[in-house]
Amino acid sequence: MSIEAKRDARKRALENLETARAAVESAQANLERLLTEVDVAPRAEKVAVSQIVQSALSRLREANASVLRAEAVLASELEE
């Protein structure tokens, strides 16, 4: 693998990791908001909280996919 190709692979890995980090931070913020809302919400309103949980889980799945892509890029770089 050429030096330029390695540089590009590292760049892609870093971009994927930055995307993952941002998604994880967003999901954490959503979950923190959820915990606050659950504590103060009347029982009937707790149903709306499930939408926040769904959003947080979706963002975590996106983060996981980004991390997996980054790992694949780094693994392929190490193999060559």
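**View 1. Arg21 and Glu25 sit about one helical turn from each other, 4 residues apart in helix α1 (residues 3-40).** Helices here are DSSP runs (H or I, at least four residues), numbered from the N terminus. The side chains of Arg21 and Glu25 meet in a salt bridge, at 3.7 Å from N to O. That term stands for a side-chain nitrogen of Lys or Arg within 4 Å of a carboxyl oxygen of Asp or Glu. A search of the whole structure turns up 1 salt bridge. Arg21 is partly exposed at 47% relative accessible area, and Glu25 is partly exposed at 43%. (Buried means under 20% relative accessible area, exposed over 50%, and partly exposed in between, with a 1.4 Å probe and protein chains only.) An α-helix has 3.6 residues a turn, so residues three or four places apart point the same way.

Before you look further, please note that this is a predicted model, with residues numbered from 1 along each chain as its sequence is written. Local features need pLDDT of at least 70, side-chain atom pairs count only at pLDDT 80 or more, totals for chains, interfaces and linings use all residues, and side-chain values use heavy atoms, leaving out hydrogens and water.

**View 2. Helix α1 from end to end.** The expected span is 1.5 Å times one less than the number of residues. The buried residues of α1 are Ala9, Ala13, Asn16, Ala20, Ala23, Ala27, Asn30 and Leu34.

**View 3. Asn30 and its contacts.** Asn30 belongs to helix α1 and is buried, with 11% relative accessibility. Beyond its neighbours within four places in sequence, Asn30 is in contact (heavy atoms within 4.5 Å) with Ile52, Ser55, Ala56 and Arg59.

**View 4. Ser66, a residue of helix α2 (residues 46-79).** Ser66 counts as buried, at 3% relative accessibility. Setting aside neighbours within four places in sequence, Ser66 is in contact with Asn16, Thr19 and Ala20.

**View 5. A nonpolar surface patch formed by Leu14, Leu17 and Leu74.** Together, these residues have about 250 Å² of accessible area, found by the Shrake-Rupley method with a 1.4 Å probe, where only the protein chains shown count as cover for residues. Patches consist of residues with over 30% relative accessible area and no salt bridge; nonpolar side chains (Val, Leu, Ile, Met, Phe, Trp, Tyr) are joined within 5 Å, and like charges within 9 Å. Leu74 lies in helix α2 and is partly exposed, at 36% relative accessibility.

Definitions and conventions:
Helices (H or I, at least four residues) and strands (E, at least two) are DSSP runs, numbered from the N terminus.
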